[in-house]
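My notes follow the structure.

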Amino acid sequence: MEGKGSRFRRICVFCGSSAGKKASYQEAAIELGKELVSRNIDLVYGGGSIGLMGLVSQAVHSGGGHVIGVIPRTLMPREITGETVGEVKPVADMHQRKAVMAKHSDAFIALPGGFGTLEEFLEATTWAQLGIHSKPVGLLNVDGYYNCLLSFIDQAVEEGFVPLYDRPIIVSAPTAKELVEKLEEYVPCHEGIASQLNWEMEQLGYPQQYDVSS
């Protein structure tokens, strides 16, 4: 497989197990998968075969990229239907899912999604804020889906709950190509509380082998 090359080996994509009501969400998931393949970037994701998860994983797999799906055993009957693609890593629970996904990834992207997508994305953002990792975090803001979230974050800065120097942690763009290019150029510039700390994950309730900083 030939491509543009990238500073990233793998990118973790958070996204919905639903496809959403707009065709543009589904098209964006497929386009993101193709963009990763064009740059020789492998995919780490939540392991489901339905919704946007299924579309992005199929796009990467079909293009010759490696896919790692991480899914709690209890969710396998709900989120996996039909044939799965790539490598599936079953884990015990949601905590291990996030830690394993982070461990195997060099950056994070959130496609449109619901509560689970937001929770995973914001935890990765918080880890960056604390200096637990220095991996880029991006929102694929398809058709303005995340406009309200971005406005909320700006308000949190204005009201003094998010330091201004932490605002650049979240990178956003309307297209996959533009977002990945921004992530490629990202340089951490915020003041992490635990900057470059070799964080032991038992402090977050995870086994040490799930250290996300590497």
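**Pockets and aromatic pairs**

I began with the second largest pocket, where α5 gives the largest share of the lining, four residues. The model I am reading is predicted. The elements that supply two or more residues to this lining are α5 and α6. I put the volume of the second largest pocket at about 250 Å³. Its lining has 13 residues, and T125, Q129, I153, V162 and I170 lie nearest the centre. I sorted that lining by class into eight nonpolar, three polar and two charged residues.

Next I turned to the largest pocket, with a volume of about 430 Å³. I found 25 residues lining it, with C15, G16, S17, G114 and T117 nearest its centre. Here too α5 gives the most, four residues. I noted that α2, α3, α4 and α5 each supply at least two lining residues. By class I have eleven nonpolar, nine polar and five charged residues for the largest pocket.

I then searched the whole structure for aromatic pairs and got three. The ring centres of F14 and F108 are 5.8 Å apart with planes at 15°, so I logged the pair as stacked. F14 sits in strand β1 and F108 in strand β5, 94 residues apart. Both are buried.

For Y25 and Y145 I have ring centres 5.6 Å apart and planes at 75°, so this pair is edge-to-face. Y25 is in helix α1 and Y145 in the loop between β6 and α6, so the pair ties together parts 120 residues apart in sequence. I list Y25 as buried, at 11% relative accessible area, and Y145 as partly exposed, at 36%. Y25, Y145 and Y146 form one aromatic cluster.

Methods:
Residues numbered from 1 in each chain as written. Predicted model: local features only at pLDDT ≥ 70, side-chain atom pairs only at ≥ 80, totals over all residues. Heavy atoms only, no water. Phe/Tyr/Trp six-rings, centres within 6.5 Å; stacked < 30°, edge-to-face > 60°. Buried < 20%, exposed > 50% of the residue type's maximum accessible area, 1.4 Å probe, protein only. 1 Å grid on protein atoms, 1.4 Å probe; cavity = no way out; pocket = protein on both sides within 12 Å on 5 of 7 lines; lining within 4 Å. Points joined across faces, edges and corners; volume = space filled by probe spheres on them. Nonpolar A, V, L, I, M, F, W, Y, C, P; charged D, E, K, R; others polar.
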